[in-house]
Amino acid sequence: MASARLRISALAVITALTSTLLVPSAHAEPTPTPPPPDTTTQPAQPAQHPAVTEDRLGAQATATPPVAPGELGPIDPGGDGSPNIENEPSKAQPIAPLPALDPGPDGRVPIDRVPITPNPPVRPSTLDLPLRPGQELVDVTSAEALATLAKAGRTTPDGKPALDANALQPQVRSAQVVDPGRRATLRELIDALTSGNLPPPLPVDPLALLQQLPDGIPRITYRVCSESATKQVSCSLTLPLGVPAIVDVTGDRTPDVLTDLVPVAAPGDVVGAVREITNLEREIAIATDRLNVVNELLKDPLNVILHPELLIEKLDLEKLLRDLGNTLQAKIEALLNLVHLGLGFVNLRLPTSEFAGRDLPAHVWAVYDIPTHKRLSVGFDGFRRGAGLPTAAIGVYTFAPVQVLRGIFDIKASVLQVGAASSLAVTAGLANVTDDNQGLPYDPTVASARFEPVPGVFTAHAFIDPGASDRDQRATVDAQVSSRSKLDVQVLSNSSAANRFDQLVVDQLPNRVSAALIRPRDGGDDIVDYTATDSINDVLFADFVYAGEQLDASVRAAAKNLPTQWRGALNSANDRVTLDYDAAGALSSLDVSFFDRSPAIVLRGALRELPTVVNVDANLPGRHVLFDANTPLGSAEVFVSKELGDYAPLQGDHATAVLSGTKLGASARVTGLRKIDVYFDQHPRGGTEFTPGGQPFVAAGVVDGRQKARLDVSNLPATLGFDLDTAARRVQFTASSVVQRVKAAYVDTAAGPSAVAAINGLPQSVDVRYDLGDKPKVSYRASSAVPRAELFVSPQGVEQLDPTGCRVSGDLSQVCLGCCDTRLGGGGEFALVVLGVVEVDVADGVAV
């Protein structure tokens, strides 16, 4: 490049000298009048001065002939030993001085100039973005939630949320309408189990329990409830736990099903605990009877005098009863703990039903009150969400009563069935109960897991923890099946503060699948996890929280061609939004939305042909936007708004960020992207990686309405990087291939500075350095020639960035095609337009 500058300088000197010698100036001194031209036709000859030519020829004729080559004449050293050299005036003729140059009235040498017409034209433009309110993202997310609820059947006819848990399983009061059912005999239980033909081993053994405890488990009771198209919800009288009931579910007064609720614990353990209780009750009865006799005797004063031992016996009996009562209470609590390990719900269809041999559309469930004023209900739904009850089914449900006291709902269900209809839902509910005669349920949570077709064996687990100051908020759904089936799990939770809807829909359920949501109490990552034994075509996970008809929180993720594992982590703490995704395999599509009204944040994203690892980071304090993937993705689109901040979606591939105080809005859309990493602070810089590239791209940011930066690229190369360093007064650009046009701009409208650089036919590397002040200068270097380069810099906040210029007339081999009048308006602004240049230096308006 030094040699190129040398060539430029030399060419400039030669041109200047030639112009001076050959072109008379209008202000040059008078010169001798030239001789008249020869009229004969002669070859063109340069004009000569006759006197000069004559003197020169005469001197040559009188000179001493030179010594022959190789011979030297004698040299006289002289008297002082030094050769005598004669000195005389030079025979060279004087040359007239060059004429003086007139600088003109403005003190500048007049040089012919012509205006440049930029091509493409450079037009004034601001760096503002087309802003959209963040509320739009909230509205779209709310509409999406309503659409999800409508598809799940959880909206009213006028399109409002319908999140009453009773819609999945009615929560009955203690004084519910009595169903004219009755206890089943041991013989009836045997016949029903035989006709049901359930494959052994059974998870519970109701027959063994009834054989050893024909009166059931004392002090623990349950009821059977049912409903169908022809009978409203009704429940049986209380039954001892372990005693089956005959139920008419259709209301035609003929038995339809035999239902029983039994502990999951082994019959021997239950029977042993029950016998200890019955023995204690027998001892208490005997002691109580004797104490009553003693008290009657002591009513006679004579007995008190004659039989003082009665007083001693009374005291002993009272102490014995206290001890027996304490022991009984401990035994009952031990039995309850044994029962609360789990309950088995048995439902067997009877041949006496009018629906024998065909589907029985009914819903049957058992209601069991836990001593902590909680009510558990478990059952089979072949009416509301299923096509009919199976011939025989045993459901085993486990829950944690201690967790319930903390507001945590942890319910597990395992079902063994034969003779199912085309679909079946397994229901489980948990509610608080008022401490009065009515026993009204309130704040219920009900889960309904629907299978189609119905596998022979399946399990489901729903865990919901609303969180507290000492623990994270969690919601998980897990399922296992013996054969692949479509799973649709819905969970509805009601409270005085809000209503909640959770759903997991899996098309072609693998042998095992689970989805989980975790929201840390300390503001860490909100995590959605999904795992499965096999890949599946479609999966949907939704978690909505409503206060009345208003959506307060939402998480929704829908994916296609799902790998066996994927994980999404969202963090919105400390004015920073991050989203991390990783999976065991490629995913065809993923649509994610997240909303939390407090703190106000909404995120929507759509990814196609996902890599296995994706990271998104919108960092407000760091003024940084990052999207990074391990392999190129088909397309990605992300919209983020924090505190309802405006965001700026653009057409085509782009990445924008809008910051206003603590508000943030970000938008990005890319195709073939592997990475985008952009800083939009006072030192805008960044880079991108695309496969294969070639599409237009815009990166832009606005901070507090005054700091603005933008990068426009006509065709993205595979790799690209830019650095607009206003502090160092340097603009750098690197790319893997030539870009037709790229333009980078920055302005601080309040305090300055401002700068814009644009290049057509951008080479693989460009380096522009500049300085401002009284003598602005700029240095431009590129790896290859470009058709056009533009630069504008100013210490002021100039938002109308319109580079203009002119060029020297004539063609200097397109080395430096001109710079002119670089100081615009006297405010230190600097503008430059250069055409066809590899490198150029400009100082104070002069190209060097």
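This is a short tour of one protein model, stop by stop, for use with the viewer open.

**Stop 1: the whole chain**

Keep everything on screen. The model is predicted. The protein holds 9 helices and 47 strands. Of the 848 residues in the protein, 47% are buried. Now think about contacts between residues at least 6 apart in sequence: 65% of them join residues at least 24 apart.

**Stop 2: the nonpolar cores**

Select Leu-261, Val-270, Leu-335, Phe-380, Phe-627 and Phe-733. These residues touch the most other members of the largest nonpolar core, which has 172 residues. Which helix gives this core its largest share? Helix α6, residues 267-298, supplies 11 residues.

Next, show a second, separate core. This one has 19 residues, including Val-138, Ala-145, Ala-152 and Leu-492.

Go back and centre on Leu-335. What does Leu-335 touch, beyond residues up to four places away in sequence? The list is Ile-217, Ile-220, Val-270, Ala-273, Val-274 and Ile-277.

**Stop 3: the disulfide**

Select Cys-225 and Cys-235. A disulfide joins them, with 1.9 Å from S to S. Cys-225 sits in strand β3, residues 217-228, and Cys-235 in strand β4, residues 231-235. The two cysteines are 10 residues apart. How many disulfides does the model contain? The count is 1. Look along the S-S bond. The angle about that bond is 105°, and the link is right-handed. Are these cysteines buried or exposed? Both Cys-225 and Cys-235 are buried.

**Stop 4**

Select Lys-314. This lysine is in helix α8, residues 309-339. Its relative accessible area is 27%, so Lys-314 counts as partly exposed. Leave out neighbours within four places in sequence, and Lys-314 is in contact with Leu-291, Val-294, Asn-295 and Leu-298. Draw a distance from Lys-314 to Asn-295. Their C-alpha atoms are separated by 7.4 Å, and the two residues are 19 apart along the chain.

Now select Asn-197. This residue is in the loop between α4 (186-196) and α5 (206-212). Asn-197 counts as exposed because its relative accessibility is 60%, and the cut-off for exposed is over 50%. From C-alpha to C-alpha, Asn-197 and Gln-417 are 9.6 Å apart in space, yet 220 residues apart in sequence.

**Stop 5: a buried asparagine**

Select Asn-432 in strand β13, residues 424-433. Why does Asn-432 count as buried? Its relative accessible area is 15%, and buried means under 20%. Show its contacts. Not counting residues up to four places away in sequence, Asn-432 touches His-373, Lys-374, Leu-440, Pro-441, Tyr-442 and Asp-443.

**Stop 6: the cavities**

Rolling a probe the size of a water molecule over the atoms shows where empty space is left. The whole structure has 12 cavities of 30 Å³ or more. How much space lies in the largest cavity? About 250 Å³. Select Gly-568, Ala-569, Leu-570, Leu-579 and Val-592. Of the 24 residues that line the largest cavity, these are the closest to its centre. Elements that give two or more residues to the lining include β20 (526-532), β22 (550-562) and β23 (565-571). By class, the lining has 18 nonpolar, 3 polar and 3 charged residues.

**Stop 7: backbone exceptions**

Most residues other than glycine have a negative phi, and most peptide bonds are trans.

- Ser-598 and Pro-599: a cis peptide bond joins them, with omega about 0°. Pro-599 is in the loop between β25 and β26.
- Thr-691 and Pro-692: here too the peptide bond is cis, and omega is about 0°. Pro-692 lies in the loop between β33 (685-690) and β34 (697-703).
- Asn-561: phi is positive, near 50°. Asn-561 is in strand β22. With a relative accessible area of 41%, Asn-561 is partly exposed.
- Arg-623: phi is near 50°, again positive. Arg-623 is in the loop between β27 and β28 (624-629). Its relative accessibility is 21%, so Arg-623 counts as partly exposed.

Technical notes
Residues numbered from 1 in each chain as written. Predicted model: local features only at pLDDT ≥ 70, side-chain atom pairs only at ≥ 80, totals over all residues. Heavy atoms only, no water. 1 Å grid on protein atoms, 1.4 Å probe; cavity = no way out; pocket = protein on both sides within 12 Å on 5 of 7 lines; lining within 4 Å. Points joined across faces, edges and corners; volume = space filled by probe spheres on them. Helix = DSSP H or I, 4+ residues; strand = E, 2+ residues; numbered from the N terminus. Nonpolar A, V, L, I, M, F, W, Y, C, P; charged D, E, K, R; others polar. Disulfide = S-S within 2.5 Å. Buried < 20%, exposed > 50% of the residue type's maximum accessible area, 1.4 Å probe, protein only. Core = buried A, V, L, I, M, F, W, Y, C linked by side-chain atoms within 4.5 Å. Contact = heavy atoms within 4.5 Å.
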